[in-house]
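User: Please take a close look at the aromatic pairs in this structure, and at what surrounds them. Then move on to the core and the salt bridges.

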Amino acid sequence: NIPANSSVVINLNGYTLDAEGTMRLFVLNSNSTLKIIGRGTIKGGNAGTQNGGAIYSKGGTLIVEGNDSIVFEKNKAVSGGAIYMEGGGECIIKNCIIKDNYAQINGGGIFTGVKTTISDSKILGNRAMSSITPSTPLGNQYGRGGGFCFTGEMAELINTQVQGNAAMMYGGGGQIESGGTLTFNDGCEISYNTSIAGGAAG
């Protein structure tokens, strides 16, 4: 838990942080900053009935800068399988791999409602898949944005690969919602993503 108005820097230094499916790893509070650097893996986070399997932020800033790469894998949540950010702040991700994460509702890999920049990274094999089928009431609200879901703010992908993600409803690769915007720059690749209802985004 990163307290409000504080800053924490974590150097993974080749290590793995594994929650083993028992809990979320980090929570950022208002005006806090978490910076993760080095090389390593963050895995096994589980938010249960909440959002952000590995990292949840409400008003904080997240900076992840891999040296070689930082991997987020096999995390799960209601939305934002690995990362969920809302309520202000900023998300900056560089040289990371976000893979094989799961969300029940939106953003299998990552969900942000804050300004977001992802560069030199890969978003691979994430899923937004609900147990609620599209034919049931509210079913079309579940399972959107297999790789990512960006809502209400500006997002930018730079030299980033989005591949092999899947969503139950819309946006196998990713979903943009509620007035959010997404810009692709410098060698992005969006491919082999799938969704049941359409809008596979590559």
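Analyst: Rings of Phe, Tyr and Trp (its six-membered ring) pair if their centres lie within 6.5 Å; planes under 30 degrees apart count as stacked, over 60 as edge-to-face and the rest as tilted. By that rule the structure holds three aromatic pairs. The rings of Y84 and F111 have centres 4.6 Å apart and planes at 5°, so this pair is stacked. Y84 sits in strand β8 (residues 83-86) and F111 in strand β11 (residues 110-112), so the pair ties together parts 27 residues apart in sequence. Strands are DSSP runs of E, at least two residues, numbered from the N terminus. Both Y84 and F111 are buried, meaning under 20% relative accessible area, with exposed over 50% and partly exposed in between (1.4 Å probe, protein chains only).

F148 is buried at 4% relative accessible area. F150 is buried at 1%.

This is a predicted model: local features need pLDDT of at least 70, side-chain atom pairs count only at pLDDT 80 or more, and totals for chains, interfaces and linings use all residues. Residues are numbered from 1 along each chain as its sequence is written, and side-chain values use heavy atoms, without hydrogens or water. The chain averages a pLDDT of 92, on the predictor's confidence scale from 0 to 100 for each residue. Over residues 134-140 pLDDT stays under 50. Where pLDDT is low, the predicted coordinates should not be read in detail.

Now the core. A nonpolar core is a set of buried Ala, Val, Leu, Ile, Met, Phe, Trp, Tyr and Cys residues joined through side-chain atoms within 4.5 Å. The largest has 29 residues, and I93 is among those with the most contacts inside it. Elements giving two or more residues to this core include β8, β9 (90-99) and β15 (148-151). I93 touches V64, I83 and I110, among others; contact means heavy atoms within 4.5 Å.

Last, the salt bridges: a side-chain nitrogen of Lys or Arg within 4 Å of a carboxyl oxygen of Asp or Glu. The whole structure has three. E65 pairs with K35, closest N and O atoms 3.9 Å apart. E65 lies in β6 and K35 in β4, so the pair ties together parts 30 residues apart in sequence. K99 pairs with E73 at 3.6 Å. R144 pairs with E177 at 3.3 Å.

Methods:
Helices (H or I, at least four residues) and strands (E, at least two) are DSSP runs, numbered from the N terminus. Lists of a residue's contacts leave out its neighbours within four places in sequence.
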